[in-house]
Amino acid sequence: MKVFPLSAWFYVGVESINRLCSEAYEPRISVPLAQITCILTLFCTALMVFFVAISMDPGMPEVAGALSPLNHGFNRMFNCSDNITGWLSIPATFATGQGFVQSYSKILTCMAGSGLLPAKMYEKHKTLKTPTYAILFGSVASYALCFVDYYYSLDAMLFNTCMVMGSISYTSQCVGYIYLKKNFRTMERKFKSPLGKAGAMCSIIVWMVLAVAVIGFQGDNQESFIAVLVILFICSMYYQFYAKFRQKFSDEERMSLFFAHVGTPLLVDDRTQFDQIVCSEPQQLQAVQEFTQTHYGRVL
């Protein structure tokens, strides 16, 4: 149970694929296929790394405590030391960082568009259309955490805290999938999960076990769990006393909720509520009416 969070780290980042929906062609098909392909690729890669690492000298148990377990093979291939072969991990580390930047910039931008964060972070570059302020804020915060970790040696606690927060996030996504599967059966779906509800339930169990492994089996006197509680408390207070009064529907949320309303006849028939929630602007209402007239044969 102690090493269980480390194995889950192999799959961290897959959730970032759905942040590319606005840039992807036919995202309702391409994004799920990309997620499945990514998970299968990571699974095969994890198995290959494991077998290659334990098959080389010195093997287990030395490899289990190595920072870069493949360095033993690189050292023999290039006849050099860890100080040299360690440079081979820089490209992968740099690419990982770029992936995280893309992910958190999207999240910060969406939260700013919903009023949960300052509207400044929703602004984009006039020419490049990139969320400049969201990237800047996220990068500064990330570098600040790096310095805190360097001077106070909090890498284990930060890692475990992130894994617990990730478990909460992934579990909520699985619950959301089950909810939509149950309550929005008439919604058009371009892609159907081959695992369905059973796969979502299995994922929930895995992430719950991961949370238990972090909370009870890391030998850190539950410091990571306490950090999670503190973060959740601060975020809850921030939302309760500040963000809740400024929250609104962003353009992306309006489109998402529109399809949810279309999939539920009871909500669609409530014209007043539909207009207020989904189409607060006249031009948006007109666009929605034209869409429904074309695809559903009537104006909502």
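1. Asparagine 221 is exposed, at a relative accessible area of 62%. The cut-offs are these: buried is under 20% relative accessible area, exposed is over 50%, and partly exposed is in between, with a 1.4 Å probe and protein chains only. Asparagine 221 sits in the loop between α8 (196–216) and α9. Its phi is positive, about 55°, although the residue is not a glycine. Most residues other than glycine have a negative phi.

2. On the model itself: it is predicted, so local features need pLDDT of at least 70 and side-chain atom pairs count only at pLDDT 80 or more, while totals for chains, interfaces and linings use all residues. Residues are numbered from 1 along each chain as its sequence is written, and side-chain values use heavy atoms, with hydrogens and water left out.

3. Asparagine 79 also has a positive phi, near 55°, and is a residue other than glycine. Asparagine 79 lies in the loop between α3 and α4 (82–85). With 71% relative accessibility, asparagine 79 counts as exposed.

4. Overall fold. The protein chain has 13 helices and zero strands. Helices (H or I, at least four residues) and strands (E, at least two) are DSSP runs, numbered from the N terminus. Of the 300 residues of the protein chain, 25% count as buried. The accessible surface comes to about 20,000 Å², and 68% of it belongs to carbon and sulfur atoms. Accessible areas come from the Shrake-Rupley method with a 1.4 Å probe; for residues, only the protein chains shown count as cover.

5. Contacts along the chain. Contact means heavy atoms within 4.5 Å. Take contacts between residues at least 6 apart in sequence: 58% of these join residues at least 24 apart.

6. Annotated spans. The unreviewed UniProt entry places "transmembrane region" at residues 33–54, 133–152, 158–180, 200–219 and 225–245. UniProt positions are given in the numbering used here, feature names are shortened, and annotations may be inferred rather than shown by experiment. Residues 133–152 are 100% helix and 0% strand, with end C-alpha atoms 28 Å apart. Residues 225–245 are 81% helix and 0% strand, and their end C-alpha atoms lie 29 Å apart.

7. Serine 224 belongs to helix α9 (residues 223–241). Serine 224 is buried, with a relative accessible area of 0%. Its side chain makes a polar contact with the side chain of aspartate 220, at 2.8 Å. A polar contact is a pair of N or O atoms within 3.5 Å; within protein, one must be able to donate a hydrogen and the other to accept it, and residues adjacent in sequence count only if both atoms are side-chain atoms. Leaving aside neighbours within four places in sequence, serine 224 is in contact with Ala156, Met157, Asn160, Thr161 and Val214.

8. Threonine 171 is in helix α7 (residues 155–183). Threonine 171 is buried, at a relative accessible area of 17%. A polar atom of its side chain lies 2.7 Å from the backbone oxygen of serine 167. Not counting residues up to four places away in sequence, threonine 171 touches Ile204 and Trp207.

9. Surface patch. Tyr143, Phe147, Val148, Tyr150, Tyr151 and Tyr152 form a nonpolar patch on the surface, with about 820 Å² of accessible area together. Patches are made of residues with over 30% relative accessible area and no salt bridge; like charges are joined within 9 Å, nonpolar side chains (Val, Leu, Ile, Met, Phe, Trp, Tyr) within 5 Å. Valine 148 lies in helix α6 (residues 132–152). At 34% relative accessibility, valine 148 counts as partly exposed.

10. Charge pairing. The structure holds one salt bridge. The term means a side-chain nitrogen of Lys or Arg within 4 Å of a carboxyl oxygen of Asp or Glu. Glutamate 123 and lysine 120 meet in a salt bridge through their side chains, at 3.4 Å, N to O. Glutamate 123 is partly exposed, with a relative accessible area of 37%. Lysine 120 is partly exposed too, at 42%. Side chains of opposite charge can pair when their charged atoms come close.

11. Leucine 67 is in the loop between α2 (27–55) and α3 (71–78). Leucine 67 counts as exposed, at 84% relative accessibility. Leucine 67 and glycine 86 are 19 residues apart in sequence and 9.6 Å apart in space, C-alpha to C-alpha.
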